[in-house]
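Please look over the structure below before reading on. The report that follows takes up helix packing, charged pairs and a pocket in turn.

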Amino acid sequence: MPKVTSDLHIKDVNIMELAVMMRILKGERNLARIGRSLNITLQGVRYYVKRLKDAGFLNDMDITSSGYEYLSTSLTGVKKFLAESAEFLTEANGWEAICHDDIAMGDEVYLFMRNGYLHATKRKQTKSMAVAMTDGKSGKRILIKDIKGIIELKPGKLEILLIKGLCENRYAEFKEKVENLLRSKGEYFLFVLGEGAKTLVSDEACVNVFSPLKGAFDATVRGLNSKVIATEEAFNLNIEEFSRLKEEYSTTEVTVNFL
């Protein structure tokens with residue numbers, strides 16, 4: 001068992017020991033249940049618990065102060081290792097971009113966002129640059145690396161449009177409102193949540209119906225405005241997901257209005 005130091009190396013970390021400690025930290029005391037949750041034998045759990053006790057990280061089945069320090073330091077080290085590995089893997093494989101003009105491998109390119117996608121160009125100077133890893137013709141894909149600077153992007157806005165009181169004698173009224181939104185769709189991405197709102201759409205190719213809330217929020221972080229049409233009933237059924245996404249995408253400006 002390694003000593004707890006601020007520079008604990010990844011090779012000194014036993015992931016299964018950390019997993020056992022996390023189960024104990026969350027209040028689990030039954031060794032059999034710990035084993036089942038980690039898919040290891042009861043004998044294996046006892047082995048790890050004994051090692052942790054011998055190291056002074058457990059007292060009975062309570063984590064000691066040195067155990068907390070070991071767990072925190074180890075998890076920080078694992079997180080750093082995974083982040084660095086993911087960054088290396090991304091750099092090795094390259095980032096995708098769309099060529100704004102013809103680009104050759106090795107060219108320095110400038111980066112910008114357009115219609116929610118990353119573009120690379122040699123002609124227009126921006127605050128972000130990269131190096132082309134492949135050749136690419138205008139309008140085709142290119143791989144880039146060594147990204148420097150900040151890619152300029154103004155977040156989009158999200159509007160939730162609720163339909164209240166959808167019934168047979170109001171279908172024509174709401175359908176006309178939805179059709180008006182479809183005609184001006186170039187200004188935003190349009191999403192439909194639930195069966196009720198779906199019945200008001202005549203041109204299915206103009207709307208996004210799968211994962212509408214997630215998709216609408218994702219569009220805003222790509223710099224696009226989006227609108228979600230939903231009946232009041234469908235929105236209420238998905239209010240928990242909406243609240244979670246609103247917290248996750250905290251920079252997105254969200255409004256809720258009635259259609």
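## Helices α1 and α3

In this predicted model, helices α1 and α3 are roughly perpendicular to each other, because an angle counts as roughly perpendicular when it lies from 65 to 115 degrees. The axes of helix α1, which covers residues 15–25, and helix α3 cross at roughly 85 degrees and come within 10 Å.

On the side of α1, the contact is made by M16, E17, V20 and M21, while α3 contributes Y48, V49, R51 and L52. Sorted by class, the residues in this contact of α1 with α3 are six nonpolar and two charged, with no polar residue.

## Helices α2 and α3

Two packed helices are described by the angle between their axes and by the distance between the axes. For helix α2 (residues 31–38) and helix α3 (residues 42–54), the axes cross at roughly 105 degrees and come within 8 Å.

The contact of α2 with α3 comprises six nonpolar residues, one polar residue and one charged residue.

## Salt bridges

Side chains of opposite charge can pair when their charged atoms come close. In this model the count comes to 15 salt bridges, and one of them joins R141 to E96, with the closest N and O atoms 2.9 Å apart. This pair links distant parts of the chain, since R141 sits in strand β7 (residues 141–148) and E96 in strand β3 (residues 95–99), the two residues being 45 residues apart.

## The second largest pocket

What is the volume of the second largest pocket? The volume of the second largest pocket is about 150 Å³, and its lining is formed by F112, M113, R114, N115, G116, K124, E152, L153, R222, G223 and L224. By class, the lining of this pocket divides into four nonpolar, three polar and four charged residues.

Technical notes. Residues are numbered from 1 along each chain as its sequence is written. This is a predicted model: local features need pLDDT of at least 70, side-chain atom pairs count only at pLDDT 80 or more; totals for chains, interfaces and linings use all residues. Side-chain values use heavy atoms; hydrogens and water are left out. On a 1 Å grid over the protein atoms alone, a cavity is a set of points where a 1.4 Å probe fits but cannot get out, and a pocket is an open set with protein on both sides within 12 Å along at least five of seven lines; lining residues have an atom within 4 Å of a point. Grid points are joined across faces, edges and corners, and a volume is the space filled by probe spheres set on the points. Ala, Val, Leu, Ile, Met, Phe, Trp, Tyr, Cys and Pro count as nonpolar, Asp, Glu, Lys and Arg as charged, and the others, Gly among them, as polar. Axes are lines fitted to C-alpha atoms, for helices over the stretch in contact, and angles run from 0 to 180 degrees between N-to-C directions. Helices (H or I, at least four residues) and strands (E, at least two) are DSSP runs, numbered from the N terminus. A salt bridge is a side-chain nitrogen of Lys or Arg within 4 Å of a carboxyl oxygen of Asp or Glu. Angles under 35 degrees count as roughly parallel, over 145 as roughly antiparallel, 65 to 115 as roughly perpendicular and the rest as oblique. Contact means heavy atoms within 4.5 Å.
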